[in-house]
Amino acid sequence: MLTPLEVEQLSNEFEAKTPQDIIKWAVDMFWPQIALSSSFQTQSTPLLHMASQIRRDILIFFLDTGYHFWDTLIFREQLASDWHLNVLDLYRDTRWDHFARGRTRTLPLEDPDLCCFLHKVQPMQKALKDMKAWISGIRRDQTANRAHAKILELQPDGLLKVNPMLNWTKTNVQQYREENHLPAHPLYEKGYRSVGCMPCTVAIGLNDDERSGRWKGRGKTECGLHTDMFQHKKVAELKIDFKIDTSEVKE
Ligand code: SF4
C-alpha cells in the first residue's frame with residue numbers, strides 16, 4: 001500500500017516515463033487486483049494494444065450502457081477476438097431496472113447526469129470494489145477537467161487510479177496507431193472522432209475538438225467516471241444534481 005506522499009512522488013516521476021513504463025509498473029505492483037477500463041473507440045486502441053502486450057489477460061471493463069452504437073459493440077468483439085482480450089461487460093444495477101426502463105428514451109436527454117451515474121459510474125464503482133488499481137485512458141488534451149489530472153491518483157477508498165496516457169496528445173495517438181497498424185472504430189471515418197452512447201454522440205468536422213460531439217450543446221463534457229461524481233456511491237448523495245425524482249428507488 002502506497003502512502004499519499006509516495007503516490008505524489010511517483011506520479012511526478014512518471015511524467016517523464018512512457019505509457020508502457022507506467023502500465024508495466026502498475027501491473028507488476030498490483031497484479032491481479034488491477035483492471036483497465038475502455039470505451040473501445042479509435043483513441044482507445046493504443047492503450048488496449050500496449051496493455052495487452054504487457055499482460056495479455058489483463059481484465060478490461062467495458063460499460064455496456066445499453067445505449068451503444070451497434071458499430072461499437074462489433075468493434076469491441078472484433079478487437080477482443082483479434083487481440084485475445086479479457087473483456088468483462090458491466091451493466092446497470094438491476095435495482096434501477098424498473099426506473100430506467102420506464103424512461104429508456106427520455107433519460108439520456110432529460111437527465112444525462114443521472115443516466116451516466118446509473119449506467120457508468122455505479123457499475124464501475126462496483127466492479128472496482130475489490131481492485132487495488134484502475135488503469136484509465138484519459139488524456140490531458142481532451143477536456144478542461146482532464147487537464148488537471150495526475151498520472152497517479154489515490155482515491156479516498158484506497159484505490160489507485162493510473163492514467164498512463166495523460167501526457168499523450170491526439171497526434172501521439174495517431175502516430176502510434178499508424179506505426180502499429182491499429183484498426184479504427186467503424187464510425188471514425190464518418191466524423192465520429194469520439195464515440196460514446198448513441199443518444200449523446202454526433203459526428204463532427206475534421207478540425208473540431210475531438211470530444212465536441214459528445215453531449216453537444218448540452219453543457220456536459222464528462223460522464224462522471226473522472227470527476228468528483230465518482231466519489232459518491234449513492235444517488236441520495238447527489239440528489240440535488242439530478243433533475244428527475246429518484247425517490248421511487250431505494251438503495
Ligand atoms: S452517455 Fe448518454 S446514454 Fe450514455 S449513459 Fe451517459 S447520458 Fe446515458
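How many helices and strands does the chain have? This is a predicted model, and its chain has 9 helices and 6 strands. The radius of gyration comes out at 18 Å, close to the 18 Å that the globule rule gives for 251 residues, so the chain is as compact as a globular protein of that length.

**How H2 and H3 pack**

- Two packed helices are described by the angle between their axes and the distance between the axes.
- For helix H2 (residues 19–30) and helix H3 (residues 45–54), that angle is about 50° and the axes are 10 Å apart.
- Angles of 65 to 115 degrees would count as roughly perpendicular and those under 35 as roughly parallel, and H2 and H3 are therefore oblique to each other.
- As for handedness, H2 and H3 make a right-handed crossing.
- On the H2 side, the contact is made by Pro 19, Gln 20, Ile 23, Lys 24 and Val 27; on the H3 side, Met 50, Ala 51 and Ile 54 meet them.
- Sorted by class, this contact of H2 with H3 has 6 nonpolar residues, 1 polar and 1 charged.

**Around the ligand**

- There are 13 residues around the ligand, and the ones that come nearest are Pro 112, Cys 115, Cys 116, Cys 197 and Cys 200.
- Helix H7 (residues 112–127) gives the largest share of this shell, with 5 residues.
- By class, the shell around the ligand splits into 9 nonpolar, 3 polar and 1 charged.

- Most residues other than glycine have a negative phi, and most peptide bonds are trans. Here are two spots that go the other way.
- The peptide bond running from Trp 31 to Pro 32 is cis, and its omega is near 5°. You'll find Pro 32 in the loop between H2 and strand S1 (34–37).
- His 84 is not a glycine, yet it has a positive phi of about 55°. That residue, His 84, is in the loop between helix H4 (70–82) and strand S3 (86–90).

Key. Residues are numbered from 1 along each chain as its sequence is written. This is a predicted model: local features need pLDDT of at least 70, side-chain atom pairs count only at pLDDT 80 or more; totals for chains, interfaces and linings use all residues. Axes are lines fitted to C-alpha atoms, for helices over the stretch in contact, and angles run from 0 to 180 degrees between N-to-C directions. Helices (H or I, at least four residues) and strands (E, at least two) are DSSP runs, numbered from the N terminus. Angles under 35 degrees count as roughly parallel, over 145 as roughly antiparallel, 65 to 115 as roughly perpendicular and the rest as oblique. A crossing is left-handed if the near helix is turned anticlockwise from the far one by less than a right angle, and right-handed if clockwise. Two residues are in contact if their C-beta atoms, placed from the backbone, lie within 7 Å. Ala, Val, Leu, Ile, Met, Phe, Trp, Tyr, Cys and Pro count as nonpolar, Asp, Glu, Lys and Arg as charged, and the others, Gly among them, as polar. A residue is near a molecule or strand if its C-beta atom, placed from the backbone, lies within 6 Å of it. The radius of gyration is taken over C-alpha atoms; the globule rule is 2.2 Å times the number of residues to the power 0.38.
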